[in-house]
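Welcome, and thanks for opening your viewer. Keep the selection panel handy, and we will go from stop to stop together.

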Amino acid sequence: MATFSEILADIYADVGYQSSPASDVVARIKRSVNEGVRLILGEPSLMRLLDSDALLTVASVASQARYVVPEAVARIHAI
């Protein structure tokens with residue numbers, strides 16, 4: 001699966017922009033990509049894609065009060 005940055009880079013190349021277009025162009029393209037993702041995930045049959053990440057299991061240690069969550073974790077649904 002492509003990252004958001006990879007999707008943007010592909011779009012820039014496809015439409016002939018340099019790798020770092022002007023900020024107004026970047027804003028428009030990001031807005032369009034986000035709108036497309038919302039439309040796709042808004043389809044009832046595709047809603048499962050929203051929560052398709054595998055579960056993350058964390059081993060607990062006695063007397064340890066803090067744990068580090070990997071950077072890839074976007075949302076915690078339950079503990």
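Before selecting anything, a word on accessibility: buried means under 20% relative accessible area, exposed means over 50%, and partly exposed lies in between, using a 1.4 Å probe and protein chains only. You are looking at a predicted model, in which local features need pLDDT of at least 70 and side-chain atom pairs count only at pLDDT 80 or more, while totals for chains, interfaces and linings use all residues. Residues are numbered from 1 along each chain as its sequence is written, and side-chain values use heavy atoms, with hydrogens and water left out.

**The whole chain**

Start with a cartoon view. The protein chain has two helices and zero strands; these are DSSP runs numbered from the N terminus, with helices (H or I) of at least four residues and strands (E) of at least two. Of its 79 residues, 10% count as buried.

Next, select Leu 8, Tyr 12, Val 25, Val 26, Ile 29 and Val 33, the six residues of the largest nonpolar core. Such a core is a set of buried Ala, Val, Leu, Ile, Met, Phe, Trp, Tyr and Cys residues joined through side-chain atoms within 4.5 Å. Helix H1 (4–14) and H2 each give two or more residues to this core, and H2 gives the most, with four. In soluble globular proteins, nonpolar side chains tend to be buried together.

Now centre on Val 33 in helix H2. Is Val 33 buried or exposed? At 13% relative accessibility, Val 33 counts as buried. Leaving aside residues up to four places away in sequence, Val 33 touches Phe 4, Ile 7, Leu 8 and Ile 11, where contact means heavy atoms within 4.5 Å. Draw a C-alpha to C-alpha distance from Val 33 to Leu 8: they are 25 residues apart in sequence and 8.1 Å apart in space. With that sequence limit again in place, Leu 8 touches Ile 29, Lys 30 and Val 33.

Step along to Asn 34, also in helix H2. Asn 34 is partly exposed at 34% relative accessible area, and its C-alpha atom is 9.3 Å from that of Phe 4, 30 residues away along the chain.

**The salt bridge**

Show the side chains of Arg 28 and Asp 24. They form a salt bridge, with the closest N and O atoms 3.5 Å apart; the term means a side-chain nitrogen of Lys or Arg within 4 Å of a carboxyl oxygen of Asp or Glu. The structure holds one salt bridge. Because Arg 28 and Asp 24 are four residues apart in helix H2, about one helical turn separates them. Arg 28 is partly exposed at 39% relative accessibility, and Asp 24 is partly exposed at 44%.

**After H2**

Finally, select Ser 63, in the segment after helix H2 (23–41). Ser 63 has a positive phi of about 70° although it is not a glycine. Most residues other than glycine have a negative phi. Ser 63 is exposed, with a relative accessible area of 84%.

Val 61 is also in the segment after H2, and is partly exposed at 48% relative accessible area.
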